[in-house]
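Dear colleague,

I am passing on the structure that we talked about, and my notes on it follow below. Please read them with the model open beside you.

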Amino acid sequence: MHDFHVKNGELCCENIKVSTIAKSVGTPFYLYSYKTLTDHFLKIQRAFAPLNPIICFAMKSNGNSAVIKSLVDLGAGIDIVSVGELKKALLVGSDPKKIVFASVGKTEEEIALAIKTGILLFNVESEPELVEINRIARKMKRYVQAALRINPDVPAPTHDYIHTGSLKKKFGIDLRTTRQIFKAQKKYSHVKVNGVHIHIGSQITEGAPFVGAIKKVVIFIDQLRQEGIDIEYLDIGGGLGIIYKDENPQTAQAYADKVLPILKKTGLKIIMEPGRFIVGNAGIFVTKVVYVKDNGVKKFVIVDGGMNDLIRPTLYDAYHEIVPVKQTRAPKFKVDVVGPICESGDFFAHGRFLSKVGRGDLLAVMSAGAYGYVMSSNYNVRGRVPEVMVRGNKFEIVKERETFKDLMKGERLPRFLNG
Ligand code: LLP
């Protein structure tokens, strides 16, 4: 469910016409609905209320300050993966005691800042990383908590690039090593290793893989407890799938109904890390038709947005619905919707039926709130597009369009080229 709807033939976000915003900010741009964003967070919060988990929004999915702040104000914690994300989370007033830090390659600088900040948990992805966190904590005379990210080696029906819970992937620690680390806990004088973390992948629309992984981990935690190892936290990760096309994903409530009974019995403090579920359908990408061309074999709708703005279609072959912002009864044609970038991979859709559009028409690429703007780049010396947030009948630019000056920042000619 989301708050982008057609009213009198015009796509609106909450109570504003998308075309009104386009007139004001120009194209292309990302557009977020505050209501959709916060509703989705509240859905998870309500469904899991009996456990009172810490819901750490995975800000890798959308790191815009306005997005994070909207959620933090409702009690969200943050799941971070870098020092940049940590700084941004703090800047909008996140409670460090609700921040968890995953990443297979945490650097010394990142670990030190996270320790200094006093985050809740490091989600540790290898034994050498734990050794390093302990060394740095000792040097800083601080004590920290860590969860071991288990790689449960379970299948997950999703794109190979976003399936993480298999031992063929770089993430987490295998069960044998995890057990050894827990048993040798005393080695880590400055780290209390008292949590277990799993995240099996992203855009998983069925409940079974989550239930399977959680069951496996809960049995494992039981065994550890029987061996006298104290576990306090279980972080069940993110990964809940959303509707892009015709998926029929489980609702937050259905997910909760399945896993609450298992989790409740453990008495563990539960952490969750949803990203896409909260923000995916809360955002769209708005782009303008620049040209339409027909080469006799195919029709191309060429738009002003490109793969540098939204890379998901080409990177994961991801489907995003595309709708004209002004809807007409014009006949539909099979077209490729493509960008201006010098690559054949620069597309938003292949062979899509779209009602006839022409130069200057606006198109909305739907469900672009997660892993959209955050994965954009300056390829082809294109500035990143603005991000806009709507609440009710108001909208504001929450990130400005990058200018050429922004793009040139820090770039200079060397002296040997007479710079
Ligand atoms: N926790 C951890 C440790 C993660 O690695 C991720 C996502 C999440 C939570 C949030 O997962 P979500 O609830 O959003 O599924 N760029 C890809 C998705 C990459 C996911 C990376 N990790 C895409 O556009 O589909």
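Helix axes here are lines fitted to C-alpha atoms, for helices over the stretch in contact, and the angles run from 0 to 180 degrees between N-to-C directions. Helices (H or I, at least four residues) and strands (E, at least two) are DSSP runs, numbered from the N terminus. This is a predicted model, in which local features need pLDDT of at least 70 and side-chain atom pairs count only at pLDDT 80 or more, while totals for chains, interfaces and linings use all residues. Residues are numbered from 1 along each chain as its sequence is written, and side-chain values use heavy atoms, with hydrogens and water left out.

Helix packing

The axes of helix H4 (residues 83-91) and H5 come within 9 Å and cross at roughly 25°. Angles under 35 degrees count as roughly parallel, over 145 as roughly antiparallel, 65 to 115 as roughly perpendicular and the rest as oblique, and H4 and H5 are therefore roughly parallel to each other. H4 passes H5 in a left-handed crossing, a term that applies if the near helix is turned anticlockwise from the far one by less than a right angle, whereas clockwise is right-handed. With contact taken as heavy atoms within 4.5 Å, Val83, Leu86, Lys87 and Leu90 of H4 meet Glu109, Glu110, Leu113, Ala114 and Thr117 of H5. By class, the residues of this contact of H4 with H5 divide into five nonpolar, one polar and three charged, where Ala, Val, Leu, Ile, Met, Phe, Trp, Tyr, Cys and Pro count as nonpolar, Asp, Glu, Lys and Arg as charged, and the others, Gly among them, as polar.

Helix H5 (residues 108-117) also meets helix H6 (residues 127-139), their axes coming within 10 Å and crossing at roughly 55°, so H5 and H6 are oblique to each other. The crossing of H5 and H6 is right-handed. Glu108, Ile111, Ala112 and Ile115 of H5 make the contact with Glu132, Ile133, Arg135, Ile136, Ala137 and Lys139 of H6, and by class the contact of H5 with H6 has six nonpolar, no polar and four charged residues.

The axes of helix H2 (residues 34-47) and helix H3 (residues 65-72) come within 10 Å and cross at roughly 45°, and H2 and H3 are therefore oblique to each other. H2 passes H3 in a right-handed crossing, and the contact is made by Tyr34, Leu37, Thr38 and Phe41 of H2 and by Val67, Ser70 and Leu71 of H3. By class, the contact of H2 with H3 has five nonpolar, two polar and no charged residues.

Asn308 and Ser376

Asn308 lies in the loop between strand E14 (299-303) and helix H11 (312-316), and Ser376 lies in the loop between strand E18 (362-365) and strand E19 (387-391). Buried means under 20% relative accessible area, exposed over 50% and partly exposed in between (1.4 Å probe, protein chains only); Asn308 is buried, at 2%, and Ser376 is buried, at 7%. Leaving aside neighbours within four places in sequence, Asn308 is in contact with Ile341, Met375, Ser376, Ser377, Tyr379 and Arg382, while Ser376, not counting residues up to four places away, touches Asn308, Asp309 and Arg384.

A polar contact is a pair of N or O atoms within 3.5 Å; within protein, one must be able to donate a hydrogen and the other to accept it, and residues adjacent in sequence count only if both atoms are side-chain atoms. The side chain of Asn308 makes polar contacts with the side chain of Asp309 (3.3 Å) and with the side chain of Arg382 (2.8 Å). The side chain of Ser376 reaches the backbone oxygen of Tyr373 at 2.6 Å.

Backbone points to check

Most residues other than glycine have a negative phi, and most peptide bonds are trans. The peptide bond from Thr27 to Pro28 is cis, with omega near -10°, and Pro28 sits in the loop between helix H1 (18-25) and strand E4 (29-33). Glu14 has a positive phi, near 50°, and lies in the loop between strand E2 (10-13) and strand E3 (16-17), where Glu14 counts as buried at 8% relative accessibility. Asn380 has a positive phi of about 70° although it is not a glycine; Asn380 lies in the loop between E18 and E19 and is partly exposed, with a relative accessible area of 32%.
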